[in-house]
Amino acid sequence: MNDYTEEINRRRTFAIISHPDAGKTTLTEKFLLYGGAINLAGSVKGKATARHAVSDWMEIEKERGISVTSSVLQFEYGGYCINILDTPGHQDFSEDTYRTLMAADSAVMVIDASKGVEAQTRKLFKVCVMRKIPIFTFINKMDRDARDTFDLLDDIEKELGIATCPVNWPIGSGKEFKGVYDREKKCVISYADTEKGTKEGTATEIPVAQEDMLRAQIGDGAADKLLEEIDLLDGAGADFDLEAVRAGDLTPVCFGSALTNFGVEIFLKHFLQMTTTPLARKADIGLIEPTQDAFSAFVFKIQANMNKAHRDRVAFMRICSGRFDAQMEVRHVQGGKVMRLSQPQQIMADDRKILSEAYAGDIIGVFDPGIFSIGDTLCSPKEKFQYEGIPTFAPEHFARVRQIDTMKRKQFVKGIQQIAQEGAIQIFQEFNTGLEEIIVGVVGVLQFDVLKYRLENEYNVEIRLDSLPYEHIRWIENKDEVDIEKLTGTSDMKKVKDMKGNPLLLFVNAWSVGMTLDRNKGLVLTEFNRN
Ligand code: G4P
């Protein structure tokens, strides 16, 4: 135990994931409100205000009024120091969204009660499963007509393959929403539409054992249905098992309404009790405990040109062990240098604060003179270990890229390689061709615009992008055992290699992946690449 074990153990670092419009922003605002980080919900991250207030982000963000970058928010609540990692949604979904999940110790999944599991939740969820981090579900918008509660839970179990355990149970929805039943306390918390932006109102709590009071409060119909559902639930639902939650096999589910601020504080409290302190991380010398004395961190995201006037690059890192202080020297393992990190800062939605200290679990951004790469390790000068790398995630959109003015070959190659190194895009080549024929793959289509914009503005190179029909990409995991030449696939399959020469396959149809596996016994394909 060292002096700062206590500081580290009160950290909770989680990502918040959802399909666009499920209510992630609204829920985050309410969390911040409880933490006292803001006085009035909406003033920090309201779409219209904050996103535009981030005035020196890339031009493209300003033009479109969207946020291409994910941000980090820190606040205090009930003795905890909480770091929320926001994952960008909509068309600005990119590989960064996935990488952000690599820096979190757990995830909060927000689901719209009228829609159930949606496409983007599914994608992000896969990364959580790969990392086996705990997932906490908030089923939002109960003040609107919702799908049947059992159906919603079934949807999560079937679509995502994770068992669910309701912490509370909704009574009706929409105009008929009466509140929730708290399974632990065995009482009903009645719905009060507290005014937007104020703290949770003092809701009435009625023990279900006092049936008369219950019936008087929610009506006979709702009471009968609830009592029946409680029986069903107690008989059939998965038992609560903290170990299964921490292993990512069981998700606790809460119901509520972020907009009207109902059920948010209950969820936050449950979540904080159940989630973990910063987790140990895998390095080449074994697991590194967060409370060990020496500082260590890894870079999970690099953002270039956050301020065009200064052409700056910021490397975001997750502190994995010990304490960081701005004066200390650290070793950049991959670069083989000992240095001081320059301008360490905490980056909020619309603000940056210079930091003097931070602890395991925290996220910091440091000025990057172009030396860091995604996945790099920083540690105390006496050590030399490396954290396990961040996988490359499968792009879902592909285009062939051609330069318009072939005289600018050098700038083109330099620019496209640089942008690929930052991880904004992935580049592939066909076998037997040079860099004149490049295929670009991205996770979110907006990255195509980012590429075009940046090549024009930063490298003075104009390009043309011709979109390709591929939607599925697989790395060949056992590449040393497979003869790529002899591989037989489907007619829509294309063989390419990545920048490091790893072979991979592109497919137009999802079923072709299975077909190719059938036709080539022993072939192992993967959606994440760690090579
Ligand atoms: P996101 O970050 O997941 O994309 O969603 P966001 O919080 O921005 O919410 C999307 C829309 O859903 C917003 O409405 C928001 O007010 C609404 N919403 C969020 N939570 C609830 C809820 O519990 N109940 C109801 N009824 N609505 C909710 P909007 O009209 O698109 O934006 P705004 O004009 O309200 O900002």
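In this predicted model, the side chain of S257 places an N or O atom 3.2 Å from an oxygen atom of the ligand. The side chain of T25 also takes part: one of its N or O atoms lies 2.4 Å from a ligand oxygen. A22 contributes through its backbone, where a polar atom is 3.3 Å from an oxygen of the ligand. On its own, the ligand has 700 Å² of accessible area, and the protein covers 70% of this.

The surrounding shell comprises 17 residues. D21, K24, T25, T26 and D143 are the closest.

Another part of the model concerns the packing of two helices, α8 and α9. Helix α8 covers residues 211-218, and helix α9 covers residues 220-236. Two packed helices are described by the angle between their axes and by the distance between those axes. For α8 and α9, the angle is about 125 degrees and the axes are 7 Å apart. Helix α8 is therefore oblique to α9.

Residues from both helices build the contact. From α8 come E211, L214, R215 and I218. From α9 come D220, A222, A223, D224, L226 and L227. The contact residues divide into 6 nonpolar and 4 charged, with no polar residues.

Key: Residues are numbered from 1 along each chain as its sequence is written. This is a predicted model: local features need pLDDT of at least 70, side-chain atom pairs count only at pLDDT 80 or more; totals for chains, interfaces and linings use all residues. Side-chain values use heavy atoms; hydrogens and water are left out. A residue is near a molecule or strand if one of its heavy atoms lies within 4 Å of it. A polar contact is a pair of N or O atoms within 3.5 Å; within protein, one must be able to donate a hydrogen and the other to accept it, and residues adjacent in sequence count only if both atoms are side-chain atoms. Accessible areas come from the Shrake-Rupley method with a 1.4 Å probe; for residues, only the protein chains shown count as cover. Axes are lines fitted to C-alpha atoms, for helices over the stretch in contact, and angles run from 0 to 180 degrees between N-to-C directions. Helices (H or I, at least four residues) and strands (E, at least two) are DSSP runs, numbered from the N terminus. Angles under 35 degrees count as roughly parallel, over 145 as roughly antiparallel, 65 to 115 as roughly perpendicular and the rest as oblique. Contact means heavy atoms within 4.5 Å. Ala, Val, Leu, Ile, Met, Phe, Trp, Tyr, Cys and Pro count as nonpolar, Asp, Glu, Lys and Arg as charged, and the others, Gly among them, as polar.
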